[in-house]
Structures are given as C-alpha cells and as structure tokens.
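Please look through the model below with the sequence alongside.

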Amino acid sequence: MQRPSFDELFSLLCAAPLSIAELNRLRQWIAGIHDPAECIALIEAAAAGRPCPHCGCARVHRCGCVTGLQRFRCTTCRRTFNALTGTPLARLRKRECWLPYLQCILESRTVRDAARVVGVHRTTSFRWRHRFVPAAMRHRPARLGAVVEADETHRLESQKGSRQLTRPARKRGGVARKRGITDELDCLLVARDRNGKTLDFHTGRAPITADHLHTCLSPVLANDVLLISDGAAAYPSFAAKAGITHRSVNVRAGQRVRGAIHIQNVNGWHSRFKTWLVRFKGVASRYLINYSGWQRLLDARQLLTPALWLCAAVRQIQDSCEKSAFNAHTAFFLAVFAFVR
Ligand SMILES: [Zn+2]
C-alpha cells in the first residue's frame, strides 16, 4: 500500500471535525516532536556575527562543521571556535532534548521530573539545570534606576548533595543552633527598582555590611537614585560613602509604609522566591545564587519560551544586558520559528 503524502494527510486532518480532547492530543503530540536541527538553527542564529571568544577579533572565517555546528577560525589567533565555545553550554550533548528540557525549566520542574519528561538520566538533568540557568542568568540589568528598594533574605546554610559535611548532619532540614543572623545563615541581597528590574547577590554567611553593599550595589546604582531599605545600619553607612540619597522604614517598629517610602516590592520578591523554592525541598548553599537567578528570570517574564531561553544562554555577555530585544537577525528567526511552531 502506498503511503499517503503529507499534503493528503494534512487535508484529511483539516477536514476532520476534532473534539477538544483530540485537539489536545494533537497539540501534545506536536509539542513532543523535536528535531536537533531546530536547536542548532536557534544556536547559530543567536550567536551570529560573534567575534572570536579567545581574543575578541571580529575577523573570522568558516572552517568546516563539527557536531552539527559551524566551526570558525580566527584570523588573528588562529584558534577555532563554534557558537557555544565559552558558554556554559559548550560540550553538552543530546541537543535534540534541549528545547523540551528548557520547557521543564520554564515550568520549574524538579530534577527527577524533568529527567522523566525529557528522557535523560537524573544526573544529566541536574547538570543541565546548572548549565542552562547560569547561562541565561548572566543577562541581568546593568543598572537600576530612580527608586531602588534593597533588602536581604536569609536561608539556613545547606550542604545538600555534599559527600563531606563540615558539621554534623541535621535531621529533616533542622534549625539554626544560634538565634539571630549568624554564620549559619546564607544572606541573599536583592535590589529592585520600581520598574521591576531586579538584581540578586549572595553575600555569604554573615550579617550584611557596608562593604558588602559597596561591592554589590555601587556598580549598578546611578548616583541620582533614591535607595530605600529597612533600618539596618549598613545601608546609611554605605549610602553616605557612595553619595547616594537614602531613606529607610523602621520595619522592626512595625512601620511598613511611609508614603512612597517602603520595601514592599523587594519583600514581595522574597516571598515569591521562598514559596517557589519549596518544591525543591532544600537547595545547597553553593547553588543558591542559581536558584535566585532562575526565579529572577521567571519573575521578569522576558524569557517565556524555550527558544528565547536558549538564545539568551548562547548570546555573549557583552551583548548589552539592557537590550531587551535581540539583534534583528535573531528576532527575525525567532518570529519565523514561532510561526512555524
Ligand atoms: Zn582569536
């Protein structure tokens, strides 16, 4: 029997009255079809025109194809590279699974759940999580403007996954042995402006100091910003040193809002982060910044599809973080890709 052509099948499908259940089945089936060529085309488009990652020279020429990716040779340093060289995605395999895996990242699935959905081993799933997330989270706002709220949130230090603990093991997550903000707690500093631009910093395991604030915030705050914090002593000290206007709300005394002076936006972010983190049943301290970066990207709602996430992960950091739009070539390709899908 002769196999029907795609056009014949498609016209039959168009003529068939489909129920909602059948439509959903069809959508699921289409969503599950993946071709490695799609992923490679997206990677090549996102990295189009990049200079040599070894020396920065823009004069490069094509030099064959390796594992499906175009290889280039730099005319200055003579070294070769491809679109993934120098990114956290270099040398990762199974590219046909990347887009479905990124969908799992967007859905905040656990390591085991994502491994089951995509059909990879759970160690691969874990490794990919800590490659795809850091790759995309390199793209962060370069500057916060106008009114900036800053506050810290603390989490009990965790050595989850570590084979050699530096302290006795805790039972069921445990609690801190000492009261207050001590070296048992990881400090996550979050600064957020009133346009929703957010930056996160893991400052270590001690109460925050003016030096921490200087290291983290000085490069990202313009001189004319209004910095708002709670009553912690480090903030006025940092602001005075940096020549920044500072106001505070005395949260400990029950003061939450003083006109436009409040830290509700940043506290809302902390709250969403802690709620979102529950599904992972504890995260290791050394990966805390990856999780806050992951939540920051999800919360910003800019990378809404696997294709956008992949392009963000492949692009070079020098491609201004402030640019929300991709270069024209990538934008055009994504539009075509979205249309075809
Ligand atoms: Zn070079």
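**Strands, rings and loops**

Strand β1 (residues 60-66) and strand β2 (residues 69-74) run antiparallel and are joined by five bridges. The model is predicted, so local features need pLDDT of at least 70 and side-chain atom pairs count only at pLDDT 80 or more, while totals for chains, interfaces and linings use all residues. Residues are numbered from 1 along each chain as its sequence is written, and side-chain values use heavy atoms, with hydrogens and water left out. Helices (H or I, at least four residues) and strands (E, at least two) are DSSP runs numbered from the N terminus, and two strands pair if DSSP finds at least two bridges between them.

Histidine 61 has arginine 73 in β2 as its bridge partner. The hairpin of β1 and β2 has two residues between the strands, and threonine 67 there takes a positive phi near 45 degrees. On to the next strand: β2 pairs with strand β3 (residues 80-81) in the antiparallel sense over two bridges. Arginine 73 stands opposite threonine 80 in β3, and phenylalanine 72 stands opposite phenylalanine 81. β2 and β3 also form a hairpin, with five residues between them, and arginine 78 in its turn has a positive phi of about 65 degrees.

Taken together, these strands make an open sheet of three with the order β1-β2-β3 and antiparallel pairing. β1 and β3 stand at the edges with a single partner strand each, so one side of each has no neighbour in the sheet. Strands of a sheet pair through backbone hydrogen bonds, in either the parallel or the antiparallel sense.

Alanine 150 stands opposite alanine 191 in β5. β5 also runs antiparallel to strand β6 (residues 198-204), to which six bridges join it, and leucine 188 stands opposite histidine 202 in β6. The hairpin of β5 and β6 has four residues between the strands, and glycine 196 in the turn has a positive phi of about 90 degrees.

How many of the nine residues of strand β5 are buried? Nine of the nine residues of β5 (residues 185-193) are buried, so the strand is largely enclosed by the rest of the structure. Buried means under 20% relative accessible area, exposed over 50%, and partly exposed in between, with a 1.4 Å probe and protein chains only. In a regular strand the side chains alternate between the two faces of the sheet. In β5 both faces are covered: Leu185, Cys187, Leu189, Ala191 and Asp193 are buried on one side, and Asp186, Leu188, Val190 and Arg192 on the other.

Next come the rings. The structure holds 14 aromatic pairs. The ring centres of phenylalanine 72 and phenylalanine 81 are 5.7 Å apart and the planes lie at 25 degrees, so this pair is stacked. Rings of Phe, Tyr and Trp (its six-membered ring) pair if their centres lie within 6.5 Å; planes under 30 degrees apart count as stacked, over 60 as edge-to-face and the rest as tilted. Phenylalanine 81 counts as buried because its relative accessibility is 3%.

Tryptophan 269 and phenylalanine 273 form another stacked pair, 5.4 Å centre to centre with 25 degrees between the planes. They are four residues apart in helix α9 (residues 264-277), so about one helical turn separates them. Both tryptophan 269 and phenylalanine 273 are buried. They belong to one aromatic cluster formed by Trp269, Phe273, Trp276, Phe280, Tyr291 and Trp294.

Charges sit over two further rings. The charged end of arginine 95 sits over the ring of tryptophan 98, 5.9 Å from its centre, and arginine 140 lies over the face of phenylalanine 201, at 5.3 Å from the ring centre. The criterion is NZ of Lys or CZ of Arg within 6 Å of the ring centre and within 35 degrees of the ring normal.

Finally, two loop residues. Lysine 281 has a positive phi of about 55 degrees although it is not a glycine, and it is placed in the loop between α9 and α10 (288-300). At 72% relative accessibility, lysine 281 counts as exposed. Arginine 301, also not a glycine, has a positive phi of about 55 degrees and lies in the loop between α10 and α11 (306-314). Arginine 301 is exposed, with a relative accessible area of 58%.
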